[in-house]
Amino acid sequence: MWKFMTVLVLLFPAVVSLEGASRVKDIAMLEGRRDNQLVGYGLVVGLAGDGDSTQATYTIQSIANTLQRFGVNVPMDDIRSNNVAAVMVTADIPAFAKPGTRLDAIISSIGDADSLNGGVLLQTPLLGADENVYAVAQGSVLVGGFLAGGEDASVQRNHPTVGSIPAGAIVEQSIRSQIIRENTLTFLLDEPDFATAVRMEEQINRYFPETARTVSPTSVTVRIPEPYVGREMTFIASVEAIELEPDIQARVVMNERTGTIVATSEVRLSEVAVSHGNITVNIARTPFVSQPTAFSEGETVEGDFTDLDVEESQGGFSQLPTTPTLQELTTTLNSLGVGPRDMMVIMQALKKAGALHAELVME
């Protein structure tokens, strides 16, 4: 007698790759799947005279407390802190991190130490917002800068009072994370948008009918189907692999310090005329000496000639067509010889004139 066994096979959906599309996992995050910040206070030793001065009384007190833990009682007046620096240690612990997982730690001086270069962080507990210890950090501090010189002159590069310990913190206990509530997942969009949320709902329902629902421009809830109960991780991986084309807001970001301009392809302008021109004034002084002829009774006279030159670049109005695109705008401005900083001024003027239909962000 043959016995037949029914096997339920759960597979990833055959996701069709879309041009310009992004995966759900790249534009949204599961609610409950978040990092947590840890912080701790510790000591960095072995600084070869670059540590805190005696004015940092908290450093001396910390040294005394540390030595007392090892059975060494030293009066605070006899402690010197030249080789020790008080620091704050910070780290981010990701969701689902298990005990034994290593984290990167950032070390920052809080005293008047000159440098943390060559120092070693002593074992430092890292606490969460609930004041429980979740990790312990220790190890050699790596500093990306240096400080060299004496009293008369010194050279400093980057920040020698801030360093890091790659994989220098060890997780001692995990933080409980809950991503499934009442058999439902909630995806939070990185960039809240109504159109993107609705597109995500439509794409998820395409592969898992009647499971997704848009709650707000920030969140989309997904109900776990019955066949995936007990296989929730497989379902989450399947949903995160679904692709959709997110809607992008028209935005122009300008950084005045670096002269950087970044704009999305959705930027549009009304029909507008742009004029650009510069006036350059050059003033030069040429010294001269006038001497009398031979055997004359004249005197030598010194003076200078002043040359004044005024140049004006060829500007004029350039007419942009109706609803010009970003490419047409940049091409026209570049043809006028407009640099990044001048382009920023033009962008601001277009926004004030109501011709630039995009969010203008100044940094």
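Mentor: One term before we start: a residue counts as buried when its relative accessible area is under 20%, and as exposed when that area is over 50%. Also keep in mind that this is a predicted model.

Trainee: Okay. Which residues of α2 are buried?
Mentor: In α2, the buried ones are Thr 59, Ile 60, Ser 62, Ile 63, Ala 64 and Thr 66.

Trainee: And what covers the buried residues of α2?
Mentor: The cover includes three strands: β3 (36-45), β4 (84-93) and β6 (120-127).

Trainee: What span should α2 have, going by its 13 residues?
Mentor: Helix α2 takes in residues 57-69, and at 1.5 Å a residue it should span 18 Å.

Trainee: What follows α2?
Mentor: Gly 71 comes after the helix, and its phi is positive, near 80°.

Trainee: Let's zoom out. How many helices and strands does the chain have?
Mentor: Six helices and 24 strands. The chain has 363 residues, and 33% of them count as buried.

Trainee: What share of the contacts is between residues 24 or more positions apart?
Mentor: Those pairs make up 69% of the contacts with a separation of 6 or more.

Trainee: Now the inside. Which residues touch the most other members of the largest nonpolar core?
Mentor: That core has 24 residues, and the ones with the most contacts to other members are Val 89, Ile 107, Leu 116, Leu 121, Leu 126 and Val 141. The elements giving two or more residues to this core are β3, β4, β5 (102-109), β6, β7 (133-140) and β11 (162-171). The largest share, five residues, comes from β4.

Trainee: Why would nonpolar side chains be buried together?
Mentor: As a general point, that is what they tend to do in soluble globular proteins.

Trainee: Switching topic: in what order do the strands of the three-stranded open sheet come?
Mentor: The order is β17-β16-β24, with mixed pairing. β17 and β24 are at the edges with a single partner strand each, so one side of each has no neighbour in the sheet. On average, neighbouring strands here are turned by 15° against each other, ignoring direction.

Trainee: Mixed how? Does β16 run parallel or antiparallel to β24?
Mentor: Parallel: four bridges join β16 (residues 251-255) to β24 (residues 359-362), and Arg 251 has Glu 359 as its bridge partner in β24. With β17 (residues 260-263), β16 runs antiparallel, again through four bridges. Val 252 stands opposite Ala 263, and Met 254 stands opposite Ile 261.

Trainee: What sits between β16 and β17 in the hairpin?
Mentor: Four residues lie between the strands, and Gly 259 in this hairpin takes a positive phi near 75°.

Trainee: Last one: where does Ala 237 lie?
Mentor: In helix α4, residues 232-240. Ala 237 has a relative accessible area of 30%, so it counts as partly exposed. Ala 237 and Lys 25 are 212 residues apart in sequence, but their C-alpha atoms are 8.9 Å apart in space.

Technical notes
Residues are numbered from 1 along each chain as its sequence is written. This is a predicted model: local features need pLDDT of at least 70, side-chain atom pairs count only at pLDDT 80 or more; totals for chains, interfaces and linings use all residues. Side-chain values use heavy atoms; hydrogens and water are left out. Buried means under 20% relative accessible area, exposed over 50%, partly exposed in between (1.4 Å probe, protein chains only). Contact means heavy atoms within 4.5 Å. Two strands pair if DSSP finds at least two bridges between them. The expected span of a helix is 1.5 Å times one less than its number of residues. A nonpolar core is a set of buried Ala, Val, Leu, Ile, Met, Phe, Trp, Tyr and Cys residues joined through side-chain atoms within 4.5 Å. Axes are lines fitted to C-alpha atoms, for helices over the stretch in contact, and angles run from 0 to 180 degrees between N-to-C directions.
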